[in-house]
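Subject: Structure handover

Hello,

Here is the structure we talked about. Please open it alongside this message; my notes follow below.

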Amino acid sequence: MTSAASPPHATRPDTVTAAAPAAARPAPQPRSAYRAFRPITTRWADNDVYGHVNNVVYYSWFDTAVNAHLIEQGVLDIHAGGTIGLVIETQCNYFAPLAFPQTVEAGIRVAKLGSSSVRYEVGLFAQGEPMTAAAGHFIHVYVDRETRRPVPVPDALRQVLQALVVTG
């Protein structure tokens, strides 16, 4: 009598597979980790049925903080500028709840400034608190408004972004 061979995808019981190393759990960041700040007023509609700000609102705050900073610095014209930033990646970690009627303070920094892309990192703080209630990032690829093809980050924008760069 012959025994059937194990199918190629079967795992042998005597084979030990090394587990992938666990990723370090993200931790809250202090205010000193960010280069610029702007206040954001929460709204009644930001809260969800659980009594805190719904997770999707945080992403809106990231956009608001960064784009308002760039507009105020005179390097982003959302209506007529030839170069625009398109988000290609975003992520957020939550550490403490935020809720209406709190004022949120958004800290902004640039973690990576490439030739046509920027990784923005934003920390959201309850007003006056020393550590982030949430922290996340998004990556903009700068493109020509008409063709939507990547272009180098314009010099004036690059200068403003350089002031937000953190190292390490």
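Which strands does helix H1 lie across, and at about what angle does the helix run to E2? This is a predicted model, and in it helix H1 (residues 55–72) lies across E1, E2, E3, strand E4 (117–126) and E5. H1 runs at about 140° to E2.

The sheet

The sheet is open and has 5 strands. Their order is E1-E3-E4-E5-E2, with antiparallel pairing. Strand E1 (36–41) and E2 are the edge strands, and each pairs on one side only. From one strand to the next, the twist averages 25°. E2 pairs with E5 over 11 bridges, in the antiparallel sense. Leu 86 stands opposite Val 141 in E5.

The core

The largest nonpolar core has 31 residues. Those touching the most other members are Tyr 58, Trp 61, Leu 70, Leu 98, Tyr 120, Leu 124 and Leu 161. Two or more residues come from each of E1, H1, E3, E4, E5 and H2. H1 gives the most, with 7 residues.

Take a look at Leu 124. Leaving aside residues up to four places away in sequence, Leu 124 touches Tyr 58, Trp 61 and Phe 62, among others. Its contacts also include Leu 98, Val 104, Glu 105 and Ala 106. Thr 132, Ala 133 and Ala 134 are on the list too.

Aromatic pairs

There are 7 aromatic pairs in the structure. One of them joins Phe 37 and Phe 125. The pair is tilted, at 5.9 Å centre to centre and 55° between the planes. It links distant parts of the chain: Phe 37 is in strand E1 and Phe 125 is in strand E4, 88 residues apart. Phe 37 counts as partly exposed because its relative accessibility is 39%. Phe 125 is at 0%, so this residue counts as buried.

Another pair is formed by Tyr 59 and Phe 62. This one is edge-to-face, with 5.7 Å centre to centre and 70° between the planes. Both residues lie in helix H1, 3 residues apart, about one turn of the helix. Tyr 59 has 28% relative accessibility and therefore counts as partly exposed. Phe 62 has a relative accessible area of 1%, so Phe 62 is buried.

Phe 37 and Phe 125 also belong to one aromatic cluster with Tyr 34. The charged end of Arg 31 is over the ring of Phe 125, 4.6 Å from its centre. The charged end of Arg 109 is over the ring of Tyr 34, 4.4 Å from its centre.

Backbone points to check

Most residues other than glycine have a negative phi, and most peptide bonds are trans. Two places depart from this.

The peptide bond from Phe 100 to Pro 101 is cis, with omega near 15°. Pro 101 is in the loop between strand E2 (83–94) and strand E3 (103–113).

Arg 148 is not a glycine, yet its phi is positive, near 60°. This residue lies in the loop between strand E5 (134–144) and helix H2 (155–162). With a relative accessible area of 47%, Arg 148 is partly exposed.

Best wishes

Note on methods
Residues numbered from 1 in each chain as written. Predicted model: local features only at pLDDT ≥ 70, side-chain atom pairs only at ≥ 80, totals over all residues. Heavy atoms only, no water. Helix = DSSP H or I, 4+ residues; strand = E, 2+ residues; numbered from the N terminus. Buried < 20%, exposed > 50% of the residue type's maximum accessible area, 1.4 Å probe, protein only. Pairing = 2+ DSSP bridges. Axes fitted to C-alpha atoms, helices over the stretch in contact; angles between N-to-C directions. Contact = heavy atoms within 4.5 Å. Core = buried A, V, L, I, M, F, W, Y, C linked by side-chain atoms within 4.5 Å. Phe/Tyr/Trp six-rings, centres within 6.5 Å; stacked < 30°, edge-to-face > 60°. Lys NZ or Arg CZ within 6 Å of the ring centre and 35° of its normal.
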